[in-house]
Amino acid sequence: EKGGYPDFMLKEIFEQPRVVRDTLVGRLAPTGELDIDELGLTYEQLDVIDRVYVIACGTSYHAGLIAKNLIEGWARIPCEVEAASEFRYRNPIITPSTLVVAVSQSGETADTLAAIRDARIKGAKVFGITNVVGSPVARESDGVIYTKANKEIAVASTKSFIGQVVSLTLLALLLGQVKGKLTTAQVRMLFHELGDTAEQIQWVLDTQKEAVHEAALACKDARSALFVGRGMGAAISNEGALKLKEISYLHAEAYAAGEMKHGPIALIDPGFPVIAVATKSPTYDKTVSNLKECEARGARIIAVATEGDEDIRKVADHVIYVPAVRDALSAITATVPLQLLAREVAILRGCDVDQPRNLAKSVTVE
Ligand code: F6R
């Protein structure tokens, strides 16, 4: 049932191009309008939305960090991302024009469900993004997008995350269109570029195996690792750090690269691994400057960089490439090397990548 792969995690990582395609099937009508049939909300209801909360836990929360950039960037609606366990126990500002987007692979995470229920009582519209048809999150939301990842067996979420990011990107496009901030032509173009990430992921899977292995060797004996980036890179650094710690038991932390000099740079001594998302983006030069500061203190730098960027080798000891892609869509491709790296480090450290200790696939108690 592992389809020839040594573990479910690798099998599921390799399914990601399909997940992108399946999540997008039938979503763009010939008119250029987005078609989300289970939307459950009319365009009029969406048009009044003036605040968005994305609530989720763990990896799903990290998908929310990406969504914030897209929803604010494309639809110009203020968006906050919050751990469901925090959201449910405070008194967030919710009005009938608030949209709560609940993201949950399993669709049954206790805190996420409790947050949905609370938000609805307070009058919010709730939109679910889940992988499980008919799950509590799907049933208790006004509308839903299914992530089409199919069953995920490895405890560490990979393909579901990609499905979540693709679905949230669709939602951000829809909000941008409804709010009149994106034209139909822009939506169509971005939609097609979103679809192209399927092939871009495939390219990473096909060509970067050796680079991932080299980078993993550089991390495997470390006691701790830092993940850094800016913008989309900062968002997925969180996911890279979570993947690494949950399956390899190596302590890892994510920091926005610009925050390094406000504390974490003190950690760096010779050989300390810094994994940087340094793809071409408006803040690329800034990230490279931060990496130079790490390099000067002896850090061992592993960069996820854009194909063709040879300059990055001046500062990075190891480079894993991803194809060039628009910054807004870069989280999808740049996450894949981080997943592969975490898995490879875990294997080198003799860990069971599919069944990490102390973790359950579905967290139905708080
Ligand atoms: C990490 C992981 C967990 C889940 C979290 C939320 O790899 O799988 O952090 O993302 O428990 O689960 P769902 O998405 O089912 O609500």
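Lys-11, Glu-15, Arg-18, Asp-22 and Lys-159 are linked in a network of salt bridges. A salt bridge here is a side-chain nitrogen of Lys or Arg within 4 Å of a carboxyl oxygen of Asp or Glu. The structure is a predicted model, in which local features need pLDDT of at least 70, side-chain atom pairs count only at pLDDT 80 or more, and totals for chains, interfaces and linings use all residues. Residues are numbered from 1 along each chain as its sequence is written, and side-chain values use heavy atoms, with hydrogens and water left out.

In total, the structure holds 22 salt bridges. One of them joins Arg-88 to Glu-366, with the closest N and O atoms 3.4 Å apart. This pair links distant parts of the chain, 278 residues apart. Arg-88 sits in the loop between helix 5 (84–87) and strand 3 (98–104), and Glu-366 in the segment after helix 13 (330–348). Helices (H or I, at least four residues) and strands (E, at least two) are DSSP runs, numbered from the N terminus. Glu-366 is exposed, at 63% relative accessibility. Buried means under 20% relative accessible area, exposed over 50%, and partly exposed in between (1.4 Å probe, protein chains only).

Arg-326 and Glu-193 also meet through their side chains in a salt bridge, at 2.7 Å from N to O. Arg-326 lies in the loop between strand 10 (318–322) and helix 13, and Glu-193 in helix 9 (residues 184–207), so the bridge ties together parts 133 residues apart in sequence. Arg-326 is partly exposed, at 33%. Glu-193 is partly exposed too, at 24%.

A further salt bridge lies within one helix. Glu-239 pairs with Lys-243, the closest N and O atoms being 2.8 Å apart. Both residues belong to helix 11 (residues 232–248), 4 residues apart, about one turn of the helix. Glu-239 is buried, with a relative accessible area of 1%, and Lys-243 is buried at 0%.

The model has 1 cavity of 30 Å³ or more. A cavity is a set of points, on a 1 Å grid over the protein atoms alone, where a 1.4 Å probe fits but cannot get out; lining residues have an atom within 4 Å of a point. Grid points are joined across faces, edges and corners, and a volume is the space filled by probe spheres set on the points. The largest cavity has a volume of about 90 Å³. Its lining comprises 15 residues, with Arg-230, Gly-233, Val-277, Thr-279 and Ser-281 nearest the centre. Helix 11, strand 8 (273–278), helix 12 (284–296) and helix 13 each supply at least two lining residues.

Conventions: 1 Å grid on protein atoms, 1.4 Å probe; cavity = no way out; pocket = protein on both sides within 12 Å on 5 of 7 lines; lining within 4 Å.
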